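Morning, everyone. Please have a look at it first.

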Amino acid sequence: MTEEGCLLVMVVDMHPQLAEHDAHTYLNAVVAFANLHLAANVRNSLGVLAANHLESRFLYPSCDGDGVERQRDGRLEMLGQVDRAIERGLKTMAVAAGASPMHSEQSESLLSGAMGRGLLYIKRRETEEVLTKKLQSRLLVLKISSDTGSQYLTYINAYLTAQKMSTPVDVCVVGGECGLLQQGADITGGTYHCVRQVTELLQTLLLMYHCGPATRRKMNAPPPDTVDYRAACFCHRTLVDMASVCSNCLSVYCKAVPLCTTCNVIFQTDRPLVRLSKKKK
Amino acid sequence: MYGPQTLTCKNLQEYLKSLSRDILDRLYNHPATCLAVFRELPALSRQFILRLLFVNKPVAQVLLASWIPQHDAGRDVGDIAAEHRQGTQVLLDMCIWQEVKDQQGNMAIRLSSTFRENLKVAILGGGRPWTMSATLDSDPHQRNVEFLDKYAMDRWESVLQFLVQPGRGQKAISRDAMRTLLHAGLIESSGESDNMQITSAGFQFLLLDTASQVWFFILKYLETVTERGMSLVACLTFLFKLSFSTLGKDYSMEGMDNELLTFLQHLREFGLVYLRKRSSGRFYPTRLALNITAGQNKGIIDVPKQGNLIIETNYRVYAYTTSELQISLLAIFCDIEGSIADAFCIPTPSCKHLQKMA
């Protein structure tokens, strides 16, 4: 039985907070997982993006064409090339990030932008596919930084796009739980998992994220937790349980406001209710 | 006379299962083999291997059984359990897994350490490079992909042409190719003279796609390898290494002993590699050699061919092609009435030819 190849796009968090965990193990796990994906099937393909607090960047396939490179050790030639491309890209990113000082409010990586770019790449590959077969694709997000609600809207847009494209978004978070990404995995049909230590990362990736959705159904998995579906208000970016919602564009505000900042509709919040007088016949 | 036999071709798994355990152990001693075998396994078996790749101790069978989902909405769990069992059985048959007893005396599974180490090297690095090309400088007679494709198809078609018309052009292909064809039962010598005739298996072979033809041919060749005094393990390992090469790149012949050089020469005759001359010290794998072991999961193996064939309900056939091989193929079961400007010929099928094929 022929197996379809799968395009895996990895979005890797490269926030400077990574220094608190073991960066070496983290990167080794990422590269090993990428190699294992490509090795599993000759038709599998890969895209890797990295995001830190300043930018998001495409690491593989790299923009500058690689010359013919020879095997340096016992690894397959193509896999060695993946490794080198990722290393080069990460070095450039780290140098650029080190050049500008980090502000305290930049505690979050620009993962949502990177996810959007990943989805664009998937769409481009789909249109390039010669035989008009649906390219099986999935997105894997690795997050290590802390969470604020500031990218809520962009995340939701990305999830709904992925849902439309039938692309599952898998999420693996290192350190603490992340409700927003959990929502995304739930909406698109992907898997969410939280890993406490970086040393557990590779084994978790292999156990839960290596096989495609079809094979995943055949393996036992930990039961999913209840998802935190709270929305973040648009004025303060905090997660709220009760909120006022604009009737035109459905933006969420924690307090009633006279003007909706998204669609510029004016609400008159203090007008007393007027009872219509009944027309006398 | 014997009834018609269907041409069966083993895929890589079946072929390897037919080898002895000792040969398999020696084969798994090389990263390229382990990777090729890994790719050919079913998805569940691959998943099982990866889960145990970094675990050095034997794993209890009970744990493996816990991987089967207990309940699944709308699907029969029995099917999934059967797939799990099948996946495990494949791994046991191919000597990748061994059943042992763990410290508590329970039944456990252990991943073969040779396989594990070499698979890790092939995917994650370490070990020494096995294409030995690091010291190769750039080729003054660099060959591009189109040239290699043309070369490969020319050589392969000459083998097929010989099958179609064994009477003429006996010098067109090498003795080794002829020997392999005879062994495979695709041609047979009739009577006392040297005349060769194509068999019904040969007809079926001609109608396969190129990748299957090459794989079948190489399998049959490997069966004759021990008679020629070459080592099966060395040839198979080299074949696997070749299947992972990049098209258009040259590879070094350094460190290859005489056996392997003979094997390389044979591969050159079949069109799987291109060698400008023996002393140049480098060779180019062609498209036919890439992913040769891929079987069903082929990558980029088929060279696009041109041509159209129209068959009418009044049994007239029109062929638009420039390939001599295709015209000769048609001539086997049609009478060619005419051909126009090298591009068009009008064959008519006839019963007598069709009976000969059956």
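Which residues does A:Thr204 touch, leaving aside those up to four places away in sequence? They are A:His193, A:Val195 and A:Tyr209. Keep in mind that this is a predicted model.

Let's stay with A:Thr204. Its place is helix α6 of chain A, residues 201-209. Buried or exposed? A:Thr204 counts as buried, because its relative accessibility is 11% and the cut-off for buried is under 20%.

Now chain A as a whole. It has 7 helices and 10 strands. It runs to 281 residues, and 47% of them are buried. Next, take the contacts in chain A with a separation of 6 or more. Of these, 65% join residues 24 or more positions apart.

On to the cores. In soluble globular proteins, nonpolar side chains tend to be buried together. Here, the largest nonpolar core holds 136 residues. Which members touch the most others? A:Met10, B:Ile96 and B:Phe283 do. Helix α1 of chain A, residues 23-40, gives this core its largest share, 11 residues.

Last stop, B:Phe283. Not counting residues up to four places away in sequence, its contacts include B:Phe238, B:Leu242, B:Met253 and B:Tyr274. B:Lys249 and B:Asp250 are also among the residues B:Phe283 touches.

That's my tour. Thank you.

Notes. Residues numbered from 1 in each chain as written. Chains lettered and ligands numbered in written order. Predicted model: local features only at pLDDT ≥ 70, side-chain atom pairs only at ≥ 80, totals over all residues. Heavy atoms only, no water. Helix = DSSP H or I, 4+ residues; strand = E, 2+ residues; numbered from the N terminus. Buried < 20%, exposed > 50% of the residue type's maximum accessible area, 1.4 Å probe, protein only. Contact = heavy atoms within 4.5 Å. Core = buried A, V, L, I, M, F, W, Y, C linked by side-chain atoms within 4.5 Å.
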